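Here is a short report on one protein model. Please keep the sequence and the 3D view open while reading.

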Amino acid sequence: MNPLLETHDLRVSINGTRILDGVTLEFERGKVYAVLGPNASGKSTLAKAIMGLPEFKIDGGDILFNSESLLDKNITQRAQMGIAYAFQSPPSIPGVQLDEFICRICPEYECKEPSDHFMGVACSCRMELYEDFDRLGIANLAHRDLNDGFSGGEQKRSELFQVLSMHPQIMFLDEPDSGLDYDSLKLVGRELKAIREKGNTTMVVISHHRYILEFLEVDTVYILQQGKLVYTGDMSDIPVLAEKGYERFLSEVSLEV
(Lines give C-alpha, C1' and ligand atoms only; values in the text may rest on other atoms or scores of the structure.)
Protein backbone atom coordinates (compact mmCIF):
# COMPACT_ATOMS: atom_id res chain seq x y z
CA MET A 1 0.00 0.00 0.00
CA ASN A 2 1.32 3.44 -0.94
CA PRO A 3 1.79 6.03 1.83
CA LEU A 4 -0.99 8.57 2.28
CA LEU A 5 1.50 11.41 1.92
CA GLU A 6 5.17 11.44 1.01
CA THR A 7 7.91 13.91 0.20
CA HIS A 8 10.74 13.11 -2.18
CA ASP A 9 14.02 15.04 -2.03
CA LEU A 10 12.02 18.11 -0.97
CA ARG A 11 13.91 21.40 -1.12
CA VAL A 12 12.22 24.54 0.19
CA SER A 13 13.39 28.14 0.54
CA ILE A 14 12.03 31.38 2.00
CA ASN A 15 13.14 34.68 0.48
CA GLY A 16 16.04 32.95 -1.21
CA THR A 17 17.26 31.13 1.92
CA ARG A 18 17.24 27.33 1.75
CA ILE A 19 15.36 25.85 4.74
CA LEU A 20 14.75 22.24 3.70
CA ASP A 21 17.46 20.46 1.76
CA GLY A 22 16.45 17.12 0.29
CA VAL A 23 13.92 15.76 2.79
CA THR A 24 12.30 12.40 1.98
CA LEU A 25 9.53 11.23 4.35
CA GLU A 26 6.51 8.93 4.35
CA PHE A 27 3.26 9.24 6.31
CA GLU A 28 1.00 6.18 6.32
CA ARG A 29 -2.74 6.13 6.86
CA GLY A 30 -3.93 6.19 10.47
CA LYS A 31 -0.44 6.48 11.98
CA VAL A 32 0.95 9.04 14.42
CA TYR A 33 4.24 10.78 13.69
CA ALA A 34 6.41 13.09 15.78
CA VAL A 35 8.56 15.55 13.83
CA LEU A 36 11.24 16.76 16.23
CA GLY A 37 14.42 18.76 16.06
CA PRO A 38 16.29 21.79 17.37
CA ASN A 39 15.15 25.35 16.70
CA ALA A 40 15.35 26.37 13.02
CA SER A 41 15.68 22.76 11.87
CA GLY A 42 12.83 23.08 9.34
CA LYS A 43 9.96 21.39 11.20
CA SER A 44 7.33 24.09 10.68
CA THR A 45 8.61 24.79 7.19
CA LEU A 46 7.96 21.15 6.28
CA ALA A 47 4.31 21.36 7.35
CA LYS A 48 3.70 24.77 5.78
CA ALA A 49 5.26 23.72 2.49
CA ILE A 50 3.07 20.61 2.40
CA MET A 51 0.03 22.79 3.15
CA GLY A 52 1.01 25.10 0.28
CA LEU A 53 1.61 28.44 2.00
CA PRO A 54 2.79 30.69 -0.85
CA GLU A 55 5.89 32.17 0.84
CA PHE A 56 7.46 28.71 0.98
CA LYS A 57 9.05 28.17 -2.44
CA ILE A 58 9.56 24.61 -3.64
CA ASP A 59 13.01 24.53 -5.24
CA GLY A 60 13.01 20.84 -6.04
CA GLY A 61 11.58 17.43 -5.24
CA ASP A 62 7.92 16.52 -4.92
CA ILE A 63 5.04 16.14 -2.46
CA LEU A 64 2.63 13.29 -3.19
CA PHE A 65 -0.80 12.80 -1.64
CA ASN A 66 -2.47 9.51 -2.54
CA SER A 67 0.26 9.23 -5.19
CA GLU A 68 -0.79 12.57 -6.77
CA SER A 69 1.62 15.51 -6.85
CA LEU A 70 0.54 18.55 -4.84
CA LEU A 71 2.90 21.02 -6.47
CA ASP A 72 0.22 22.45 -8.76
CA LYS A 73 -2.43 22.59 -5.98
CA ASN A 74 -3.19 25.71 -3.94
CA ILE A 75 -4.03 25.79 -0.22
CA THR A 76 -7.78 25.49 -0.78
CA GLN A 77 -7.40 22.49 -3.06
CA ARG A 78 -5.08 20.75 -0.60
CA ALA A 79 -7.53 21.36 2.24
CA GLN A 80 -10.38 19.98 0.15
CA MET A 81 -8.29 16.88 -0.54
CA GLY A 82 -8.05 16.24 3.21
CA ILE A 83 -4.88 17.98 4.44
CA ALA A 84 -5.10 20.26 7.50
CA TYR A 85 -2.60 22.39 9.40
CA ALA A 86 -2.98 23.80 12.92
CA PHE A 87 -0.91 26.95 13.26
CA GLN A 88 1.54 27.38 16.10
CA SER A 89 0.26 30.98 16.47
CA PRO A 90 -3.12 31.16 14.70
CA PRO A 91 -4.17 34.58 13.37
CA SER A 92 -7.18 36.44 14.74
CA ILE A 93 -10.05 37.16 12.33
CA PRO A 94 -12.29 39.96 13.66
CA GLY A 95 -15.84 39.88 12.32
CA VAL A 96 -16.07 36.09 11.98
CA GLN A 97 -17.64 34.27 14.93
CA LEU A 98 -16.13 30.94 15.88
CA ASP A 99 -19.41 29.00 15.82
CA GLU A 100 -20.39 30.38 12.39
CA PHE A 101 -16.96 29.57 11.02
CA ILE A 102 -17.14 25.97 12.23
CA CYS A 103 -20.57 25.53 10.67
CA ARG A 104 -19.25 26.68 7.30
CA ILE A 105 -16.21 24.39 7.20
CA CYS A 106 -17.59 21.24 8.81
CA PRO A 107 -19.88 18.81 6.98
CA GLU A 108 -20.99 17.18 10.25
CA TYR A 109 -22.88 20.17 11.62
CA GLU A 110 -26.21 20.30 9.84
CA CYS A 111 -27.65 23.75 9.26
CA LYS A 112 -31.30 24.69 8.87
CA GLU A 113 -30.88 25.83 5.28
CA PRO A 114 -28.32 24.72 2.68
CA SER A 115 -27.75 28.39 1.82
CA ASP A 116 -26.51 28.96 5.37
CA HIS A 117 -23.16 27.50 4.32
CA PHE A 118 -22.36 30.47 2.09
CA MET A 119 -20.16 33.23 3.45
CA GLY A 120 -22.00 36.25 4.80
CA VAL A 121 -25.10 34.36 5.95
CA ALA A 122 -25.56 33.55 9.63
CA CYS A 123 -25.38 29.83 10.25
CA SER A 124 -27.71 28.09 12.75
CA CYS A 125 -26.11 24.80 13.69
CA ARG A 126 -27.45 21.94 15.74
CA MET A 127 -26.85 21.50 19.45
CA GLU A 128 -24.08 18.95 18.78
CA LEU A 129 -21.75 21.80 17.89
CA TYR A 130 -22.07 23.35 21.32
CA GLU A 131 -21.69 19.99 23.03
CA ASP A 132 -18.39 19.61 21.18
CA PHE A 133 -17.36 23.11 22.26
CA ASP A 134 -17.99 22.03 25.85
CA ARG A 135 -15.84 18.95 25.41
CA LEU A 136 -12.82 21.10 24.59
CA GLY A 137 -13.67 23.71 27.19
CA ILE A 138 -14.30 26.52 24.69
CA ALA A 139 -18.08 26.96 24.93
CA ASN A 140 -17.45 30.50 26.19
CA LEU A 141 -15.74 31.32 22.87
CA ALA A 142 -18.54 30.19 20.55
CA HIS A 143 -19.97 33.66 19.89
CA ARG A 144 -16.65 35.50 19.95
CA ASP A 145 -14.64 36.55 16.91
CA LEU A 146 -12.15 33.94 15.76
CA ASN A 147 -9.03 34.00 17.98
CA ASP A 148 -9.63 37.68 18.73
CA GLY A 149 -8.51 38.30 22.32
CA PHE A 150 -8.22 34.57 23.06
CA SER A 151 -5.61 33.48 25.60
CA GLY A 152 -2.79 31.22 24.40
CA GLY A 153 -4.56 28.10 25.65
CA GLU A 154 -7.89 29.19 24.16
CA GLN A 155 -6.22 29.77 20.79
CA LYS A 156 -4.70 26.29 20.84
CA ARG A 157 -7.96 24.57 21.77
CA SER A 158 -9.93 26.63 19.23
CA GLU A 159 -7.41 25.88 16.49
CA LEU A 160 -7.50 22.16 17.30
CA PHE A 161 -11.29 22.17 17.23
CA GLN A 162 -11.28 23.83 13.81
CA VAL A 163 -8.87 21.23 12.40
CA LEU A 164 -10.79 18.30 13.90
CA SER A 165 -14.06 19.69 12.51
CA MET A 166 -12.69 19.37 8.98
CA HIS A 167 -12.25 15.60 9.44
CA PRO A 168 -8.97 15.62 7.49
CA GLN A 169 -7.16 12.55 6.25
CA ILE A 170 -3.91 13.98 7.62
CA MET A 171 -3.35 16.83 10.06
CA PHE A 172 -0.16 18.66 10.96
CA LEU A 173 -0.21 20.03 14.51
CA ASP A 174 2.48 22.68 15.01
CA GLU A 175 3.47 22.69 18.69
CA PRO A 176 -0.05 21.94 19.98
CA ASP A 177 1.26 21.89 23.56
CA SER A 178 2.96 25.30 23.64
CA GLY A 179 1.28 27.82 25.93
CA LEU A 180 -1.02 25.26 27.53
CA ASP A 181 -1.48 24.91 31.27
CA TYR A 182 -1.84 21.41 32.70
CA ASP A 183 -5.65 21.34 32.49
CA SER A 184 -5.62 22.48 28.86
CA LEU A 185 -2.89 19.98 28.07
CA LYS A 186 -5.05 17.16 29.41
CA LEU A 187 -8.04 18.34 27.32
CA VAL A 188 -5.99 18.52 24.13
CA GLY A 189 -4.23 15.23 24.88
CA ARG A 190 -7.52 13.47 25.50
CA GLU A 191 -8.94 14.72 22.17
CA LEU A 192 -5.88 13.66 20.21
CA LYS A 193 -5.86 10.26 21.90
CA ALA A 194 -9.51 9.74 20.88
CA ILE A 195 -8.64 10.59 17.26
CA ARG A 196 -5.67 8.24 17.44
CA GLU A 197 -7.83 5.39 18.71
CA LYS A 198 -10.28 5.78 15.82
CA GLY A 199 -7.37 5.08 13.48
CA ASN A 200 -8.68 6.89 10.40
CA THR A 201 -6.65 10.10 10.60
CA THR A 202 -2.90 10.45 10.15
CA MET A 203 -1.48 12.77 12.80
CA VAL A 204 1.83 14.62 12.50
CA VAL A 205 2.85 16.36 15.73
CA ILE A 206 5.61 18.98 15.56
CA SER A 207 6.98 19.69 19.00
CA HIS A 208 9.95 20.57 21.18
CA HIS A 209 8.45 18.79 24.17
CA ARG A 210 7.43 15.29 25.15
CA TYR A 211 4.31 16.29 27.11
CA ILE A 212 1.66 16.01 24.40
CA LEU A 213 3.37 12.93 22.94
CA GLU A 214 2.87 11.09 26.22
CA PHE A 215 -0.87 11.00 25.49
CA LEU A 216 -0.27 9.31 22.13
CA GLU A 217 1.33 6.11 20.91
CA VAL A 218 3.71 7.59 18.37
CA ASP A 219 4.50 5.15 15.57
CA THR A 220 7.45 6.97 14.01
CA VAL A 221 9.81 9.73 15.13
CA TYR A 222 11.51 11.90 12.50
CA ILE A 223 14.31 14.23 13.61
CA LEU A 224 15.29 17.15 11.39
CA GLN A 225 18.49 19.13 11.76
CA GLN A 226 19.61 22.01 9.55
CA GLY A 227 16.93 21.21 7.01
CA LYS A 228 17.78 17.53 6.63
CA LEU A 229 16.27 14.30 7.94
CA VAL A 230 18.99 12.96 10.25
CA TYR A 231 17.21 10.23 12.23
CA THR A 232 14.17 7.96 12.06
CA GLY A 233 13.07 6.12 15.19
CA ASP A 234 10.09 5.32 17.39
CA MET A 235 8.37 6.20 20.68
CA SER A 236 11.18 4.70 22.76
CA ASP A 237 13.51 7.49 21.59
CA ILE A 238 11.41 10.31 23.08
CA PRO A 239 12.36 9.93 26.78
CA VAL A 240 16.00 9.42 25.77
CA LEU A 241 15.87 12.67 23.77
CA ALA A 242 14.34 14.48 26.74
CA GLU A 243 17.20 13.29 28.95
CA LYS A 244 20.15 13.78 26.60
CA GLY A 245 19.09 16.58 24.25
CA TYR A 246 19.46 16.58 20.47
CA GLU A 247 23.21 17.19 20.23
CA ARG A 248 24.23 14.34 22.51
CA PHE A 249 21.53 11.96 21.24
CA LEU A 250 22.43 12.48 17.59
CA SER A 251 26.18 12.28 18.22
CA GLU A 252 25.75 8.95 20.03
CA VAL A 253 23.51 7.61 17.27
CA SER A 254 26.05 8.58 14.60
CA LEU A 255 28.79 6.76 16.55
CA GLU A 256 26.66 3.61 16.70
CA VAL A 257 26.21 3.71 12.92
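## A helix pair: α3 and α5

The crossing of α3 and α5 is right-handed. This is a predicted model. Helix α3 spans residues 98-105 and helix α5 spans residues 152-165. Their axes lie 9 Å apart, and the packing angle is about 20°. Angles under 35 degrees count as roughly parallel, so α3 and α5 are roughly parallel to each other.

Which residues of α3 and α5 make the contact? From α3 come Leu-98, Phe-101, Ile-102 and Ile-105. From α5 come Ser-158, Phe-161, Gln-162 and Ser-165. Sorted by class, the contact of α3 with α5 has 5 nonpolar and 3 polar residues. An α-helix has 3.6 residues a turn, so residues three or four places apart point the same way.

## The chain as a whole

The protein chain has 257 residues, of which 49% count as buried. It holds 7 helices and 12 strands. Take the contacts in the chain with a separation of 6 or more: 63% of them come from residues 24 or more positions apart.

## Helix α1 and the residue after it

How many residues of α1 are buried? The count is 8 of 9, so this helix, residues 43-51, is mostly covered. The buried residues are Lys-43, Ser-44, Thr-45, Leu-46, Ala-47, Ala-49, Ile-50 and Met-51.

Gly-52 follows α1. The phi of Gly-52 is positive, near 95°.

## Salt bridges

The structure holds 10 salt bridges. Side chains of opposite charge can pair when their charged atoms come close. One of the bridges joins Asp-21 and Lys-228, at 3.2 Å from N to O. Asp-21 lies in strand β2 (residues 17-27), and Lys-228 lies in strand β12 (residues 228-233). The pair therefore ties together parts that are 207 residues apart in sequence. Asp-21 is partly exposed, with a relative accessible area of 30%. Lys-228 is partly exposed too, at 40%. Both residues belong to a network of salt bridges that links Arg-18, Asp-21, Lys-57, Asp-59 and Lys-228.

Two further bridges can be inspected. Lys-244 pairs with Glu-252, and their closest N and O atoms are 2.6 Å apart. Lys-244 is partly exposed, at 26% relative accessibility. Glu-252 is partly exposed, with a relative accessible area of 26%. Arg-11 pairs with Asp-9, and here the closest N and O atoms are 3.0 Å apart. Arg-11 is partly exposed at 25%. Asp-9 is partly exposed at 37%.

Most residues other than glycine have a negative phi, and most peptide bonds are trans. Where is Ala-40 found? It is in the loop between β3 (32-36) and α1. The phi of Ala-40 is positive, near 60°. Ala-40 has 79% relative accessibility. Exposed means over 50%, so Ala-40 counts as exposed.

Asn-66 also has a positive phi, near 50°. Its place is in the loop between β4 (57-65) and β5 (68-69). Asn-66 is partly exposed, with a relative accessible area of 34%.

## The loop at Pro-91

Pro-91 sits in the loop between β6 (83-86) and β7 (93-97). At 47% relative accessibility, Pro-91 counts as partly exposed.

What is Pro-91 in contact with, leaving aside its neighbours within four places in sequence? The partners are Leu-146 and Asn-147. Pro-91 and Asp-148 are 57 residues apart in sequence. In space, their C-alpha atoms are 8.3 Å apart.

Methods:
Residues are numbered from 1 along each chain as its sequence is written. This is a predicted model: local features need pLDDT of at least 70, side-chain atom pairs count only at pLDDT 80 or more; totals for chains, interfaces and linings use all residues. Side-chain values use heavy atoms; hydrogens and water are left out. A salt bridge is a side-chain nitrogen of Lys or Arg within 4 Å of a carboxyl oxygen of Asp or Glu. Buried means under 20% relative accessible area, exposed over 50%, partly exposed in between (1.4 Å probe, protein chains only). Helices (H or I, at least four residues) and strands (E, at least two) are DSSP runs, numbered from the N terminus. Axes are lines fitted to C-alpha atoms, for helices over the stretch in contact, and angles run from 0 to 180 degrees between N-to-C directions. Angles under 35 degrees count as roughly parallel, over 145 as roughly antiparallel, 65 to 115 as roughly perpendicular and the rest as oblique. A crossing is left-handed if the near helix is turned anticlockwise from the far one by less than a right angle, and right-handed if clockwise. Contact means heavy atoms within 4.5 Å. Ala, Val, Leu, Ile, Met, Phe, Trp, Tyr, Cys and Pro count as nonpolar, Asp, Glu, Lys and Arg as charged, and the others, Gly among them, as polar.
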